[in-house]
Amino acid sequence: MNRPTDPRSVVMNLPRRDAQDKLTGRTRYTSDLAGVEVLHAAIVRSTVASARILRMDFSPAIAMKGVRAIAQASDAPGLFGIGIADHPLLNGTRIRFKGEPLAAIAADTLDIARAAAAAVIIETEPLPAVMTMADALAPGAPQVHPEWKSYELLREGGIRGGNIAWEARVTRGDTDAAFARPDVTIVEDCFQVGRQNQLPFEPRCAVASYEDGRYHIHTSTQVPWTVRAVTAKTLGVSASRVRVTVPAVGGGFGLKFDCTIEPIAAILAQKTGRTVSLVHSREEENLTCLCRENAEVRIRSAVTAEGDIVGREATVLMDCGAYGGEQVFLTTMTAHTLGGNYKLGSVRMNSRAVYTNTPPNGAFRACNGVYNTFFLERHTDNIAKAIGMHPMEFRRRAVLGDGDIGATGQVFQGEVLRPMLERMAALRDKTPDCREQADGRLYGRATTVGTWFIFVGPSSATVNLNADGSATLVTSGVEIGSGTMVQSLPQIVAATLGLSPDEVIVKAADTDAAGRDLGVGGGRATVSIGAASKMAAERVRDQILDIAAEMLQAQPEDLVLTQGRVEIAGRPGTGMPITTAIARAEALHGPVSGNGNFTAPGVQAMPGCAAGHFIDAIDIPVFAVHDCEVAVDPDTGHVDVLSYKVVQDVGLALNPRAIHSQIQGGVVQGLGYALHEKITIGLDGGLEQPGFEHYLVPLACDVVPVKIDLYEGAPSIGPLGTKGAGEVPILNVGATVACAVSRAIERDVWELPLTPPQVLSVLQGRTGRMDHSHLSAVWQENLLEFVAPHRSLDHS
């Protein structure tokens, strides 16, 4: 029975139901669950970046009063990872980065646990280390993983070897012929970016217990089902023996895809028979943070005088640190981000996740896309300059449109970016520019475009209709600050059932209660979990309307659910309260509930274009257009952002006010990446910013009010035409600021962040054109030859 939900009934500026408790401190987070009977854990970490472990002596720690258990590498024999199982939970043989977990100790108090961890005697033999990607790729470089061939391959198709954890490639068309054409201008650039810390206020933490042969883990995570799977794999037990529940999460931004805390707490809980709390200190969090990775690129394009990009080549290096982790997966995304935005006649790109003896990197809001958009948009400005075309005119001509082919050969639907550029032009025309505010400083302005996409994948939902007319939504979704669980999903379910969103109870994630879910991130929650929730609510609605039709002697298709009642359409007051229909349904059939599910429908790429990819084509593209005005002090190099504007592709704006909030926050976070947040790695391989006093993030005085235009109506398979809105706001910020600064100082900008010393160096000519000598100008020379993977049980 097809009764479509009216999108107008869903759209509203619904306030966050959790706002008051969070503002007043009543919200209980994972670490708040640690009561007086709970044991506290501390991790024994390496103090060097590369060494062979000769001996670990725990006797001084064991002798300390209050120490209850020690977890060692032998307690967690399984390796885990993404694409490759290369990551031990606790390392007992070979240290690969400073701060690597070697053991963990549970004790009566945190002070005792930390003192015991410090008392452990570790004897090591130093090994050569590689601290940079250039060092790691040098001929004869020490291998971070000499045993890489023995690792279980978790996904087919990966190209890897030595210090290359994973390489993904895309080739489409005859690029050699494109670059050989006599009518093209060839533009070549190199760029680089540093790392960025997600810095959620709540650090990674877990509280674990062991009872009746099962582990129960309360944790601050974005991916409860992944935590379940990784815990089971590392401990060598069935996943059914692990239950994961998620209290309120104090921010994630991708950091809480990490699953290295929870299994350690679980081991200690089993050993002690007590509940164990493991919480990172701020220093631990910063020094072992799974940052947005540092990255480098060599990119070149062949462009006609009319602005047609007939050929493009690029190689991107992504520092994954000591283990492959998220960067293995993120190699996929270069084809869709660096290969996005513009029509390409032919293309070949490769993206490499490179092992170094530095702390592992991870996922961060619009991961990979933020720096690839910086690379691409700065390169685009240089193309426009080289062919003598205005940057905006070039973009209008070159952006992807309806029927155009992407890097991997997928066909894009809908004319979106070009109308969004026109929207931005109109937004700019509404207000005068801020040139006068520059007040003698160097003024610059830039508009950029960006391509992102929504991760879909499996989600499930159950809606239970309660006797009092309320509904309970059960999913594995997690509220990480985006508002999906407290705004979007209640709105979708409520509109489908004719209720108020306040009457929809959303159950906290519990892997024992809800079906499997890919996790919250990548802008997928409203789309994937929303689609599953909508399907579940529609099945509940159909049951109620069928029952009510019998009671009202009407046809189900003539009935509607509205304001807690079942009514005959167009005849308000002729129906009954929904509670009456629920009571009748329960009497005849039992409680009313419905299940829903959703997964990626799969968009086709061109066969043979992509190799080593996890996603060959993108199901839901999302576009963004940003505009920025800056003033640069020529004496200090300080950059002041004068204005910021965003036109964002949202599909259908379910909650415009919530989306505005996400855009404002994403832009500020992006300004930190563009201007302030600099992470350095010391000679010992450790990160040198242990806390807020060293790692500079935007403060209240750095916040720039953002003028926003929500672009609706672009094609989307999301429920009611929605697209995720929380991920993409950060996408263009670094690119837009960099392009504006470059125009202000009339010099090329090659790297981020643009701290005052960096800008001053460029202004004074001390920083010249960037050239990555370890990246060949001949694209084929940047490829890794295929190495046959190790097979585990004949099928890895």
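**Domains, interface and strand pairing in a predicted model**

In the hairpin formed by strand 14 and strand 15, where two residues lie between the strands, Asp 212 adopts a positive phi near 55 degrees. The model is a predicted one, in which local features need pLDDT of at least 70 and side-chain atom pairs count only at pLDDT 80 or more, while totals for chains, interfaces and linings use all residues. Residues are numbered from 1 along each chain as its sequence is written, and side-chain values use heavy atoms, with hydrogens and water left out.

Strands (E, at least two residues) and helices (H or I, at least four residues) are DSSP runs numbered from the N terminus, and two strands are taken to pair if DSSP finds at least two bridges between them. Strand 14 (residues 205–211) and strand 15 (residues 214–219) pair in the antiparallel sense over six bridges, and within this pairing Ala 208 has Ile 217 of strand 15 as its bridge partner.

Strand 2 (residues 51–57) is joined to strand 7 by two bridges, and Ala 51 stands opposite Ile 95 of strand 7.

The domain assignment, whose bounds come from an automatic or database source, divides the chain into domain 1 (7–27 + 457–598), domain 2 (33–127 + 204–279) and domain 3 (295–455 + 605–763). The centres of domain 2 and domain 3, taken over C-alpha atoms, are separated by 36 Å. Their contact (heavy atoms within 4.5 Å) takes 17 residues from domain 2 and 21 residues from domain 3.

Buried area, defined as the accessible area (1.4 Å probe) that two parts lose on being put together, summed over both, amounts to about 1500 Å² between domain 2 and domain 3, and carbon and sulfur atoms give 59% of this area. Of the area that domain 2 buries against domain 3, 38% is supplied by Ile 82, Lys 98 and Phe 253, more than by any other three residues. Phe 253, which is found in the loop between strand 16 (242–245) and helix 8 (262–272), has a positive phi of about 55 degrees although it is not a glycine.

For salt bridges, the rule requires a side-chain nitrogen of Lys or Arg within 4 Å of a carboxyl oxygen of Asp or Glu, and it finds one across the interface of domain 2 and domain 3. The side chains of Lys 98 and Asp 684 meet in a salt bridge with an N to O distance of 2.5 Å.

The structure as a whole holds 49 salt bridges. In one of them Glu 479 is joined to Arg 16, the closest N and O atoms being 3.1 Å apart. Glu 479 lies in the loop between strand 23 (471–474) and helix 15 (484–497), and Arg 16 in the loop between helix 1 (7–10) and helix 2 (19–24), so the pair ties together parts that are 463 residues apart in sequence.

Finally, a cis peptide bond, with omega about 5 degrees, joins Leu 752 and Pro 753, and Pro 753 is located in the loop between strand 33 (751–752) and helix 20 (756–763).
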